[in-house]
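The exercises below are meant to be worked through with the structure open, and each task is followed by a stepwise solution.

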Amino acid sequence: MSFPWAKQYEPKSGFTKWIDERLPLPRFVYGAVGAGYPVPRNLNYFWNFGVLAGAALAIQIVTGIVLAMHYAANGGVAFDSVEHIMRDVNGGWFLRYAHANGASMFFVVVYIHIFRGLFYGSYKAPREMIWLLGVVIFLLMMATAFMGYVLPWGQMSFWGAQVITGFFSAIPVVGDTIRIWLLGGYAPDDAALNRFFSLHYLLPFVIAAVIILHIWALHIPGSNNPTGVDVKGEQDTVPFHPYYTAKDGFGLGVFLFIFAALLFFAPNSLGHPDNYIPANALQTPAHIVPEWYFWPFYAILRAFTVDFIGIPAKLLGVLAMFGSILLLFFLPWLDSSPVRSANYRPLYRIFFWVLVADVLVLGWCGGSPATPLYVIISQISAAYYFAHFLIIIPIISRAERPTPLPNSITEAVLAKKGGTSPAHTALSGSAVPAE
Amino acid sequence: MASGNTLEVPRQDEPHHDGEPRRRDFLNIAAVAAAGVGGIAIVVPLINQMNPSADVLAQSTTDVDLSKIEAGQGIVTSFRKQPLFVRNLTPAEIAEADKVDIKTLRDPETLAQRTRGQKNWLITLGVCTHLGCIPQGITSGEDRGQFGGYFCPCHGSQYDTAARIRKGPAPKNLFVPEYKFTSPTTVTVG
């Protein structure tokens with residue numbers, strides 16, 4: 001937001017003055033991510049993850065374009081062309097592993113980014129549109145990641161394509177028609193692989209476009225902060241540059257350090273070994289699982305094993321899985337508490353951590369075989385997931401008594417520094433609220 | 001007639017028309033409608049190009065030699081790029097399939113309805129009706145599930161000896177394609 005105290009861009013040289021009068025792009029950048037954008041002074045490291053997600057997207061786009069120069073989207077040669085990248089293309093092994101592990105890193109930072117928003121109430125008024133666009137980005141990311149995983153045409157690629165296009169066959173009446181349209185045939189084959197390649201190339205640019213809207217929407221009210229208290233004056237903010245460009249730069253360094261460790265020392269640790277077996281249309285791997293970042297949703301899908309009120313279990317599972325994400329679109333209106341930050345919401349804070357644990361349990365079930373025990377745990381966890389958003393949040397947002405909020409961001413910061421009142425350890429989620 | 005356009009306020013510089021639609025309103029509707037039809041005509045081929053192409057649609061048939069499949073054995077072959085299960089049921093498996101009260105089934109069918117005259121030859125697509133994995137159990141030594149037919153590893157669907165869905169998320173029995181016996185030991189599928 002352009003607070004009244006935001007610094008104004010002043011072109012200094014004759015050239016920048018000439019530019020500014022014709023296409024004020026430097027002015028725009030200065031106001032968006034430069035010294036002309038005031039940001040709350042108390043942001044903790046959880047506010048690094050937006051930039052990290054942007055960096056992860058950039059890594060994926062660059063490595064992806066490069067890989068597409070050597071990849072061939074045809075069932076007969078796709079698998080071999082990936083091995084050709086690994087063995088023959090200069091540094092191809094590095095680029096391929098960077099792209100594959102880059103997807104995992106992308107989802108790691110986005111999941112932390114999402115849970116940051118859930119904890120600090122960043123989805124609440126006036127930031128609903130940022131949240132809605134973020135959910136759109138998340139859906140696009142999942143579609144992109146799915147189609148990318150199909151391209152190597154290994155066993156998991158093929159059977160993932162079979163299963164995920166199968167979701168659409170659950171739709172009554174038109175389901176099979178839609179599935180055949182998606183695949184361009186009756187089973188995954190060249191037609192499907194070819195179009196997935198085209199769409200896997202397209203979607204990241206759509207994501208980039210929605211990210212621009214996401215940032216635009218963010219810059220209307222400005223960033224939320226760990227107290228959830230609005231900016232009251234100049235003393236509550238610092239200019240984005242150099243304060244947060246430096247902090248984000250440090251966070252980016254840590255991110256790249258971890259990414260490099262994964263990439264160079266354990267590049268296959270997050271993948272599935274069966275995808276090193278070429279696709280075989282006549283054999284499903286015994287333990288087929290999706291990529292780890294889909295596990296929680298996969299667990300919800302297969303938690304539905306019996307028909308209910310005339311709806312087949314298959315359709316119920318698919319509806320629940322998509323519903324578990326589409327539900328997030330309604331979150332700003334399900335949570336009616338005027339207090340944003342969970343630091344001042346003792347009851348919400350407990351259920352937030354239960355939700356985190358619940359999603360981890362769902363992920364663990366989704367990565368395990370569909371034995372009766374795991375199915376029962378998935379059913380309980382899936383039920384809790386929906387209960388959290390549809391029942392618990394609406395109730396506690398009305399019943400809960402929040403602890404007193406600080407009068408301003410600066411007051412909260414000084415209280416923490418001076419130690420005169422109980423500290424707001426906003427860095428860890430388990431903050432002790434002020435008396 | 002309620003024309004739904006927003007230009008109903010009479011303008012001073014035009015002849016009064018008593019709220020009746022003007023001929024110019026019709027021109028607006030006609031122009032927008034023509035543009036709409038044009039837009040749809042462009043979108044249809046852009047969507048339709050993703051439907052199966054002519055070479056995919058070119059139908060084929062598959063001949064299966066049954067002579068080497070003994071009772072209790074099954075084979076997997078390929079039919080239109082999808083796995084096809086051909087199983088020679090044992091008398092015990094036939095008896096077990098016939099014993100089931102079909103009213104209790106999710107997708108009620110008798111074994112006789114699922115075969116073509118010879119109840120021991122069970123020919124189905126090997127595609128789980130849930131999300132399309134190949135169920136286990138056609139090859140000896142694989143898990144056949146608790147109903148003695150097929151077990152889908154993806155989401156735990158269980159099929160009985162007539163390949164009927166008995167448990168798990170799948171909605172239908174394994175699909176029985178069109179086929180006929182061309183000789184006592186050969187079937188033509190498709």
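**Exercise 1.** Within how many Å do the axes of helix α14 (residues 346-366) of chain A and helix α15 (residues 372-399) of chain A come, and at roughly what angle do they cross?

Solution. The model is a predicted one, in which local features need pLDDT of at least 70 and side-chain atom pairs count only at pLDDT 80 or more, while totals for chains, interfaces and linings use all residues. Residues are numbered from 1 along each chain as its sequence is written, chains are lettered from A and ligands numbered from 1 in the order in which they are written, and side-chain values use heavy atoms, with hydrogens and water left out.

Step 1: the two axes come within 9 Å and cross at roughly 155°, where axes are lines fitted to C-alpha atoms, for helices over the stretch in contact, and angles run from 0 to 180 degrees between N-to-C directions. Helices are DSSP runs (H or I, at least four residues), numbered from the N terminus.

Step 2: because of that angle, α14(A) is roughly antiparallel to α15(A), a class for angles over 145 degrees.

Step 3: the contact (heavy atoms within 4.5 Å) includes A:F351, A:L355 and A:D358 of α14(A), which meet a set in α15(A) with A:Y385, A:H388 and A:I392 among them. By class, this contact has 20 nonpolar, 3 polar and 1 charged residues, where Ala, Val, Leu, Ile, Met, Phe, Trp, Tyr, Cys and Pro count as nonpolar, Asp, Glu, Lys and Arg as charged, and the others, Gly among them, as polar.

**Exercise 2.** Describe how helix α5 (residues 92-120) of chain A crosses helix α10 (residues 240-265) of chain A.

Solution. Step 1: their axes come within 9 Å and cross at roughly 130°. Step 3: the contact is made by residues including A:W93, A:Y97 and A:M105 of α5(A) and A:F255, A:F259 and A:L262 of α10(A), and by class it has 12 nonpolar, 2 polar and no charged residues.

**Exercise 3.** Where in chain A do the cis prolines A:P126 and A:P242 lie?

Solution. Step 1: the peptide bond from A:A125 to A:P126 is cis, with omega near 5°, and A:P126 has its place in the loop between α5 and α6 (128-150). Step 2: the bond from A:H241 to A:P242 is also cis, with omega near 10°, but A:P242 is found in helix α10. Step 3: for context, most peptide bonds are trans.

Note on methods
Helix = DSSP H or I, 4+ residues; strand = E, 2+ residues; numbered from the N terminus. Parallel < 35°, antiparallel > 145°, perpendicular 65-115°, else oblique.
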